[in-house]
Amino acid sequence: MTCIADANVLFPLLVQGHAAYEVAKGWWDEQPDGTVGTCLLTRLAVLRLLTNRVAMNGTPVSHDEALKAWGRLSNDPRSFHVDGEPAEHESRFVSLVSSRQATPNLWTDAWLAALAMSLDYEMTTFDRGFKSFRDLKLRLLEMPDL
């Protein structure tokens, strides 16, 4: 099934030794060509994480290295970029955030969920918080036991 991949799935693919690398890589290796959607939001999140000292356990990569890593992922035949949001994305997004308690990840999670829903794609993530979005087709990957 075609999906939108969350940054928390894409980032470990680019960081060997990451706690979620094996699970993310196993999922990635099963995906047919042209079925893993990325978007500007996930791209920026992955680039931010690759250059973040804490996220990279004290050894962030340079901006050029981060862009090269993203290029390898985005040029892989399994991935494709969603250039714009469908017309119904905004109304879905608003409905997903309305009447909810504000949380730090609500805005981006709801935006991604609305994108997946408006395209009729699955959302692939490690984030259990996506379970709160009713009617979202969700593939929840399991973090390995550490």
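Author: In this predicted model, the sulfur of Cys 3 lies 11 Å from the closest cysteine sulfur, which belongs to Cys 39. A disulfide requires two cysteine sulfur atoms within 2.5 Å, so the separation of Cys 3 and Cys 39 is too far for a bond. Cys 39 is accordingly in no disulfide, its nearest cysteine sulfur being that of Cys 3. A search of the whole structure likewise finds zero disulfides. Cys 3 is buried, with a relative accessible area of 1%. Cys 39 is also buried, and its relative accessible area is 1%.

The next element to consider is helix H3, which comprises residues 40-50. Its buried residues are Thr 42, Ala 45, Val 46, Leu 47, Leu 49 and Leu 50. Several elements take part in covering these buried residues: they include strand E1 (3-5), helix H1 (7-13), strand E2 (36-38), H4 and helix H6 (106-119).

Of these covering elements, H4 may be examined in more detail. The axes of H3 and H4 (residues 63-74) come within 9 Å of each other and cross at roughly 135 degrees. The two helices are therefore oblique to each other, and their crossing is right-handed. On the side of H3, the contact is made by Thr 42, Arg 43, Val 46, Leu 47 and Leu 50, while H4 contributes Ala 66, Leu 67, Ala 69 and Trp 70. Sorted by class, the contact of H3 with H4 holds seven nonpolar residues, one polar residue and one charged residue.

The loop between H3 and H4 contains Met 56. With a relative accessible area of 10%, Met 56 is buried. Leaving aside neighbours within four places in sequence, Met 56 is in contact with Phe 11, Val 15, Leu 49, Leu 50 and Val 61. By comparison, the C-alpha atoms of Met 56 and Ala 102, which are 46 residues apart along the chain, are separated by 28 Å.

The axes of H5 and H6 come within 8 Å and cross at roughly 135 degrees. H5 and H6 are therefore oblique to each other, and their crossing is right-handed. From H5, the contact involves His 89, Arg 92, Phe 93, Leu 96 and Val 97; from H6, it involves Leu 106, Trp 107, Ala 110, Trp 111, Ala 113, Ala 114, Leu 115, Met 117 and Ser 118. The residues of this contact divide into 11 nonpolar, two polar and one charged.

His 89 is found in helix H5 and is buried, with a relative accessible area of 3%. Not counting residues up to four places away in sequence, His 89 touches Trp 111, Ala 114, Leu 115 and Ser 118. Val 94 also has its place in helix H5, which spans residues 89-97, but Val 94 counts as partly exposed, at 38% relative accessibility. The C-alpha atoms of Val 94 and Trp 111 are separated by 8.8 Å, although the two residues are 17 positions apart along the chain.

Terms used: Residues numbered from 1 in each chain as written. Predicted model: local features only at pLDDT ≥ 70, side-chain atom pairs only at ≥ 80, totals over all residues. Heavy atoms only, no water. Buried < 20%, exposed > 50% of the residue type's maximum accessible area, 1.4 Å probe, protein only. Axes fitted to C-alpha atoms, helices over the stretch in contact; angles between N-to-C directions. Helix = DSSP H or I, 4+ residues; strand = E, 2+ residues; numbered from the N terminus. Parallel < 35°, antiparallel > 145°, perpendicular 65-115°, else oblique. Left-handed = near helix turned anticlockwise from the far one by under 90°. Contact = heavy atoms within 4.5 Å. Nonpolar A, V, L, I, M, F, W, Y, C, P; charged D, E, K, R; others polar.
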